[in-house]
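Please look over the model shown below before reading the comments. The note is arranged as numbered points, each on one topic.

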Amino acid sequence: MRAAWRPALLAVVLLGAWEAYARLGGIDDFLLPAPTEVAQALWDDRALLWHDFKVTAGEVLLGIVVAVVAGVLCAVALHFSRTLRRTTYPLLVASQTVPIVIVAPLLVVWLGYGLAPKLAIIGLICFFPITVTTLDGPGGVDPDLRKLMRTLDASRLQAFRRVEAPAALPALFSGAKIAVAVAVIGAVLAEQAGSSDGLGHLILQAIPQFETARAYAAVAVLSAFAIALFGALALAERLLMPWAHRTTTEGDHA
């Protein structure tokens, strides 16, 4: 609670400034609704928002699972093969320069209008941060531990399982926390590329109908969902890897 009051106070100040600008700045509410109007839309359209939220939340969660599985497998493969890493890593980085809005229509044509293209789009957006952070994780292993494993005549796989994989877990969680922050953006893009449900589809419909407050309400729901996922991952990280959190806290105090 002591750590939360400063962000909460800043949020209140920003919302107050937004409210004052929307009311007194002479801007039309169909361009920028006031926070109170967004809150009213959250209440008035709660049934519609809840229906579309369930669709989008399912897509986001499944997409993150796909990205985590694919990203971890890719990171492990690149970690074990220097040749593969030197060959494909530059292409992996270059792939992130391609706007997803270019790829999304192709995925819809190839995979149809069902769940598959949405999972593919979310997975593509979340894949890179998970892969890169997980791949960098084993690099932080203490060299003395590597020497110890060689002294014990451990195999490459045994050294990975005993030393390198645990070292990669904090990095994996860091990548996953980045991924959940951008996964909702991927879900919106996926639904706007072709869908009849979801918060992305709701936003796409609301803006041309001048229901901007409803669109902002959908964005608020998406933001709250992403923050909740981020917090859940942070809590899971503390519970599953207390040593990593303890090390970080001790370093901060020092």
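Predicted model: local features only at pLDDT ≥ 70, side-chain atom pairs only at ≥ 80, totals over all residues.

1. Residues are numbered from 1 along each chain as its sequence is written, and side-chain values use heavy atoms, with hydrogens and water left out.

2. The protein has 11 helices and zero strands. Helices (H or I, at least four residues) and strands (E, at least two) are DSSP runs, numbered from the N terminus. The C-alpha atoms fill a box of roughly 70 × 50 × 30 Å, taken along the principal axes.

3. Two packed helices are described by the angle between their axes and the distance between the axes. Axes are lines fitted to C-alpha atoms, for helices over the stretch in contact, and angles run from 0 to 180 degrees between N-to-C directions. Helix α3 (residues 46-80) packs against helix α10 (residues 212-240) at about 40 degrees, with the axes 11 Å apart. The two helices are therefore oblique to each other (angles under 35 degrees count as roughly parallel, over 145 as roughly antiparallel, 65 to 115 as roughly perpendicular and the rest as oblique).

4. The contact (heavy atoms within 4.5 Å) involves residues of α3 including Phe-53 and Ile-64, and residues of α10 including Arg-214 and Phe-225. By class, this contact of α3 with α10 has 13 nonpolar, one polar and one charged residues. Here Ala, Val, Leu, Ile, Met, Phe, Trp, Tyr, Cys and Pro count as nonpolar, Asp, Glu, Lys and Arg as charged, and the others, Gly among them, as polar.

5. Helix α9 (residues 199-206) also packs with α10, at an angle of about 160 degrees and with the axes 8 Å apart. That angle makes α9 roughly antiparallel to α10. Among the residues in contact are Leu-202 and Ile-203 of α9 and Ala-218 and Leu-222 of α10. The contact of α9 with α10 divides into nine nonpolar, one polar and one charged residues.

6. Which residues line the largest pocket? They are Ser-95, Gln-96, Val-98, Pro-99, Ile-100, Val-103, Leu-124, Ile-125 and Phe-127. On a 1 Å grid over the protein atoms alone, where a 1.4 Å probe is used, a pocket is an open set of points with protein on both sides within 12 Å along at least five of seven lines, and lining residues have an atom within 4 Å of a point. The lining has seven nonpolar, two polar and no charged residues.
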